[in-house]
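Hi everyone, thanks for coming. Please have a look at the structure on the screen, and I'll walk you through a few places in it.

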Amino acid sequence: MEKQSQQLRAGKIVRGEDPLNLEMPFETLRDFITPTESFYVRTHFPIPKIDKKDWRLRIQGEVENPLELRYDDLLKMEARTTPVTLECAGNNRNFLDPKVKGVQWGLGAVGTANWTGVPLSILLDGAGVKPQSREVILEGADGGALGDAKAPTGNLKFARSIPLAKAKDVLLAYKMNDADLPPENGFPLRAIVPGWYAMASIKWLQRIIVTDRPFTGYYQTLDYAFWKRRGDIAELTPLSELQIKAEIAQPSEGELVAGNSNVRVRGAAWTSGAEITKVDLSTDGGLTWNEAKLIGEAKPNAWRLWEFDWKTPAKPGKQILVARATDSNGRTQPVERDPDRGTYMINHLLPIEVEVC
């Protein structure tokens with residue numbers, strides 16, 4: 001990964017000021033739950049200023065009974081709390097060579113929080129979804145004009161869709177780690193779409209549209225999409241499920257470690273629709289591998305912490321550390337990057353270079 005000078009704000013790495021993008025220094029990972037103040041921030045437009053007394057959530061489209069709900073209406077409904085890992089689809093972009101456009105995330109555009117809110121299924125049941133319905137569009141209050149020749153003119157809102165079948169898994173969260181959502185994380189309400197990249201977990205949620213046809217909005221097709229091949233034909237496909245990955249938190253890139261000593265290597269691993277069953281660690285750039293220890297119990301849609309006790313060599317020099325995850329579906333990480341993924345879905349093996357001294 002290219003070393004960069006890092007400006008910090010409240011302990012997070014500033015990856016952009018306008019719009020605001022902040023990254024958790026991944027070497028600060030300690031616990032299963034990421035503290036709210038450490039959680040990464042991804043925005044595409046200015047953060048909306050929303051008064052919850054004036055805010056409304058509207059459920060429209062292919063429903064029998066359109067709904068308009070106040071913030072207090074949600075608080076009166078059945079609430080659930082669940083830990084979910086969210087990862088930005090461009091996490092690790094700074095590792096790509098040659099460099100590509102986009103926010104230059106390192107390792108820390110990912111985190112796990114306890115989210116509290118109302119299952120989307122309760123609202124859809126109340127609205128009465130029509131039989132011909134196929135997708136659910138989630139629209140945020142954030143928006144603006146895009147400087148992209150392929151984008152529509154004028155202002156647009158950030159919106160993504162999910163299949164109707166996935167909607168049963170979605171939580172509409174108004175709390176994060178037992179406190180109200182911070183403005184930068186989506187106050188007053190954000191969707192939590194477990195197992196998917198976080199562009200689907202719409203912040204500042206204001207409208208839910210049930211539709212009987214595929215949604216082809218800008219952030220569903222022209223952005224947050226990749227090329228999926230069918231022989232010699234390539235189709236532009238919306239990003240969805242997280243790809244399996246393990247990351248090393250400690251030691252960090254460029255760190256000095258003592259020779260002939262015991263160093264605890266720590267990190268986290270995650271996947272989608274399965275459990276992490278194994279993490280292997282190489283300390284010689286992938287020539288040999290050893291199995292790391294998984295910490296705690298596996299929880300659906302949340303990362304698994306891991307550690308490995310490394311006896312460092314006595315001879316000074318550079319050492320290349322690489323972590324590799326395997327899940328209960330038998331999936332593991334590719335060695336090489338798939339170029340058809342563009343600037344997203346980066347889950348190939350990522351080397352961390354340290355110096356034994």
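Let's start with the largest pocket, which holds about 720 Å³ of space. Keep in mind that what you see is a predicted model. Which residues are the closest to the centre of that pocket? They are Tyr-218, Leu-222, Asp-223, Thr-343 and Tyr-344, out of 29 residues that line the pocket. Two elements give two or more residues to this lining: helix 4, which covers 218-221, and strand 15, which covers 225-230. Sorted by class, the lining has 15 nonpolar residues, eight charged ones and six polar ones.

Before we go further, a word on confidence. The mean pLDDT of the protein is 96, and 99% of the residues reach 70 or more. Where is confidence lowest, and where is it highest? The lowest mean, 82, belongs to strand 1, residues 8-9, while strand 13, residues 190-192, has the highest, at 99.

Now to the aromatic rings. Searching the whole structure gives 14 aromatic pairs. Let me show you one of them, Phe-158 with Tyr-219: the ring centres are 4.3 Å apart and the planes meet at 40°, so this pair counts as tilted. Phe-158 sits in strand 10, residues 155-163, and Tyr-219 sits in helix 4, so the pair ties together parts that are 61 residues apart in sequence. Are these two residues buried or exposed? Both Phe-158 and Tyr-219 are buried.

Phe-158 and Tyr-219 also belong to a cluster linked by ring pairs, together with Phe-45, Tyr-218, Tyr-224 and Tyr-344.

Arg-324 lies over the face of Trp-289, at 4.0 Å from the ring centre.

How many cavities of 30 Å³ or more turn up in the whole structure? The search finds three. The largest cavity has a volume of about 190 Å³. Its lining is made of 20 residues, and Arg-42, Arg-190, Ala-198, Met-199 and Lys-203 are the closest to the centre. By class, that lining counts twelve nonpolar, four polar and four charged residues.

The second largest cavity has about 80 Å³ of space. Among the residues lining this second cavity are Thr-271, Glu-275, Lys-299, Asn-301 and Trp-303. Here the classes are five nonpolar, four polar and three charged residues.

Let's stay with Asn-301 for a moment. Asn-301 is in the loop between strand 22 (293-294) and strand 23 (304-311). The phi angle of Asn-301 is near 65°, a positive value in a residue other than glycine. At 28% relative accessibility, Asn-301 is partly exposed, because that class runs between 20% and 50%.

Asn-260 also has a positive phi, near 55°, and is not a glycine either. You'll find Asn-260 in the loop between strand 18 and strand 19 (262-270). Asn-260 is partly exposed too, with a relative accessible area of 48%.

Pro-19 is in the loop between strand 2 (12-17) and strand 3 (20-23). The bond from Gln-250 to Pro-251 is cis as well, and its omega is near -5°. Pro-251 lies in the loop between strand 17 (245-250) and strand 18 (256-257).

Finally, a couple of loops. Gly-286 is in the loop between strand 20 (276-282) and strand 21 (290-291), and Gly-285 is placed between strand 20 and strand 21 too. Gly-286 is partly exposed at 29% relative accessible area, and Gly-285 is partly exposed at 43%.

Lys-130 is partly exposed, with a relative accessible area of 26%. Its C-alpha atom is separated by 33 Å from that of Lys-299, one of the residues that line the second largest cavity.

That's my tour, and I'm happy to go back to any part of it.

Methods: Residues numbered from 1 in each chain as written. Predicted model: local features only at pLDDT ≥ 70, side-chain atom pairs only at ≥ 80, totals over all residues. Heavy atoms only, no water. 1 Å grid on protein atoms, 1.4 Å probe; cavity = no way out; pocket = protein on both sides within 12 Å on 5 of 7 lines; lining within 4 Å. Points joined across faces, edges and corners; volume = space filled by probe spheres on them. Helix = DSSP H or I, 4+ residues; strand = E, 2+ residues; numbered from the N terminus. Nonpolar A, V, L, I, M, F, W, Y, C, P; charged D, E, K, R; others polar. pLDDT = per-residue confidence, 0-100. Phe/Tyr/Trp six-rings, centres within 6.5 Å; stacked < 30°, edge-to-face > 60°. Buried < 20%, exposed > 50% of the residue type's maximum accessible area, 1.4 Å probe, protein only. Lys NZ or Arg CZ within 6 Å of the ring centre and 35° of its normal.
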